[in-house]
Amino acid sequence: MNKLIQQGVLSIAGLTAVAGFAAGPGLAQDTTPTVATKPVAATQQVSTDKHQVSTDKLLPDGVPAGQSTIPLSDEQKANAKAIVEATKKAGMDERAAVVAIATAMQESKLENLGHLGDRNDHDSQGLFQQRPSSGWGTVEQITDPEYSTTAFLKGLKQVDGWKDMPLTQAAQTVQVSAYPDKYAQWEKQAADLVAEHWTK
């Protein structure tokens, strides 16, 4: 991680510690792209083989009810892979990657969004819809998948007991979204993406 990213992440750590994450993104309306979703049965399990991590690490509490899934473009898949790589680089585990991907799926549908004009939630941008005005970094930084993931994970590390929380609670503590319960619907697809990319 270069010096600029380190400084940005450290400033985020200080901001979130003082403000209790209240300065995070998602304080206004939900401006993520509307995408038709397909319900997923809660009994589905993540397929595992010798090349994948165990389901217990990805979904320690099983698959929550009310799952959704969307088809992903090559760009969206590349962004998911970038989140996995940034999570490993940050020294965090597979569960952290699941939380991060599910969060990005809710915030941006894994699209590295620029400013959306009238549809934008204040100045939120990037995979995690982070806001420069709230201290997440510059526009250039928060639209860089590695930086934005590292910033999100820095916030997640400060959430006491995040590993024992439901995914949506852990994500919401960092994001402070106006729609706190929506993260959970992406947990299964996020786990599948982590299983696919973690050992590659």
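Predicted model: local features only at pLDDT ≥ 70, side-chain atom pairs only at ≥ 80, totals over all residues.
Biologist: Thanks! How do I read a pair of aromatic rings?

Modeller: A ring pair is described by the distance of the centres and the angle of the planes. In this structure the count comes to 1 aromatic pair. The partners are F128 and F152, with 5.0 Å centre to centre and 15° between the planes. Planes under 30 degrees apart count as stacked, and this pair is stacked.

Biologist: Which parts of the chain does that pair link?

Modeller: Distant ones, 24 residues apart. F128 sits in the loop between α4 (94–108) and α5 (139–142), while F152 belongs to helix α6, residues 145–157.

Biologist: And where does K88 lie relative to W198?

Modeller: K88 lies over the face of W198, 5.6 Å from the ring centre.

Biologist: Now the nonpolar core. Which residues touch the most other members?

Modeller: In soluble globular proteins, nonpolar side chains tend to be buried together. Here the largest nonpolar core has 44 residues, and I101, L110 and L156 touch the most other members. Two or more residues come from each of α3 (74–89), α4, α6, α7 (167–175) and α8 (187–197). The largest share, 9 residues, is from α4.

Biologist: What does L110 touch, leaving out residues up to four places away in sequence?

Modeller: Its contacts include L72, I83, I101, M105, L127 and L193, and also Q76 and N79.

Technical notes. Residues numbered from 1 in each chain as written. Heavy atoms only, no water. Phe/Tyr/Trp six-rings, centres within 6.5 Å; stacked < 30°, edge-to-face > 60°. Helix = DSSP H or I, 4+ residues; strand = E, 2+ residues; numbered from the N terminus. Lys NZ or Arg CZ within 6 Å of the ring centre and 35° of its normal. Core = buried A, V, L, I, M, F, W, Y, C linked by side-chain atoms within 4.5 Å. Buried < 20%, exposed > 50% of the residue type's maximum accessible area, 1.4 Å probe, protein only. Contact = heavy atoms within 4.5 Å.
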